[in-house]
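Trainee: I would like to learn how the terms used for a structure follow from their definitions. Could we go through them one at a time?

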Amino acid sequence: MIDHITSGFAFDVLRILGIDGRGGAVVTAAMNVVSQRQERKDIVKIQDRELKPSEVDRIALIAPKATINIIRNYEVTSKKVVELPQVIRGIMKCDNPSCISNSREPVEAQFRVDQREPIRLRCYFCGHIMEREDVLKQF
Ligand SMILES: [Zn+2]
């Protein structure tokens, strides 16, 4: 179960996980639920699905407060908050076509996190800014 997703982004989380409902797994999504702290949030429950680290990294970019809860026999056996590092590497490309990270040089794209929510990333090489919508287009 993925809890505390930024409200309105449950479908993006499902898209990041490649879940379109046609794989047969039981999927439950709740949107704009009021949390105990009186904030709106989305929740996604997926049966029998483990998350890869690269998927968790992508979820952290759009829902930095999300928690990944593993439930076995109706009990939460582990609970952890996604981590949004200060530097993002390896999961996205820079939008600027003339950036050195998009050339034939063996340079891996790298971004500094300027703002956490909504996310704003700054390319380490060319300074290009990428906002949440730009990030979502790549997922
Ligand atoms: Zn760049």
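Trainee: How much space lies in the largest pocket?

Mentor: About 790 Å³ of space lies in the largest pocket, where a volume is the space filled by probe spheres set on grid points that are joined across faces, edges and corners. Please keep in mind that this is a predicted model, in which local features need pLDDT of at least 70 and side-chain atom pairs count only at pLDDT 80 or more, while totals for chains, interfaces and linings use all residues. Residues are numbered from 1 along each chain as its sequence is written, and side-chain values use heavy atoms, with hydrogens and water left out.

Trainee: What makes a space a pocket, and which residues are closest to the centre of the largest pocket?

Mentor: On a 1 Å grid over the protein atoms alone, a pocket is an open set of points with protein on both sides within 12 Å along at least five of seven lines, whereas a cavity is a set where a 1.4 Å probe fits but cannot get out.

Trainee: Why is T67 called buried?

Mentor: Buried means under 20% relative accessible area, exposed over 50%, and partly exposed in between, with a 1.4 Å probe and protein chains only; T67 has 7% relative accessibility, and therefore counts as buried. T67 has its place in strand β4, a strand being a DSSP run of E with at least two residues, while a helix is a run of H or I with at least four, and both are numbered from the N terminus. Leaving out residues up to four places away in sequence, T67 touches M1, I2, D3, H4, K80 and V81, where contact means heavy atoms within 4.5 Å.

Trainee: What makes a set of residues a nonpolar core, and how many residues has the largest one?

Mentor: A nonpolar core is a set of buried Ala, Val, Leu, Ile, Met, Phe, Trp, Tyr and Cys residues joined through side-chain atoms within 4.5 Å, and the largest has 36 residues, with I59, L61, M92, F111 and L121 having the most contacts inside it. Its largest share, five residues, comes from α2.

Trainee: Why is the pair of Y124 and F125 called edge-to-face?

Mentor: Rings of Phe, Tyr and Trp (its six-membered ring) pair if their centres lie within 6.5 Å, and planes under 30 degrees apart count as stacked, over 60 as edge-to-face and the rest as tilted. A search of the whole structure finds one aromatic pair: the centres of Y124 and F125 are 5.2 Å apart and the planes are at 90°, and the pair is edge-to-face. Y124 counts as exposed because its relative accessibility is 57%, whereas F125, at 34%, is partly exposed.

How values were computed:
1 Å grid on protein atoms, 1.4 Å probe; cavity = no way out; pocket = protein on both sides within 12 Å on 5 of 7 lines; lining within 4 Å.
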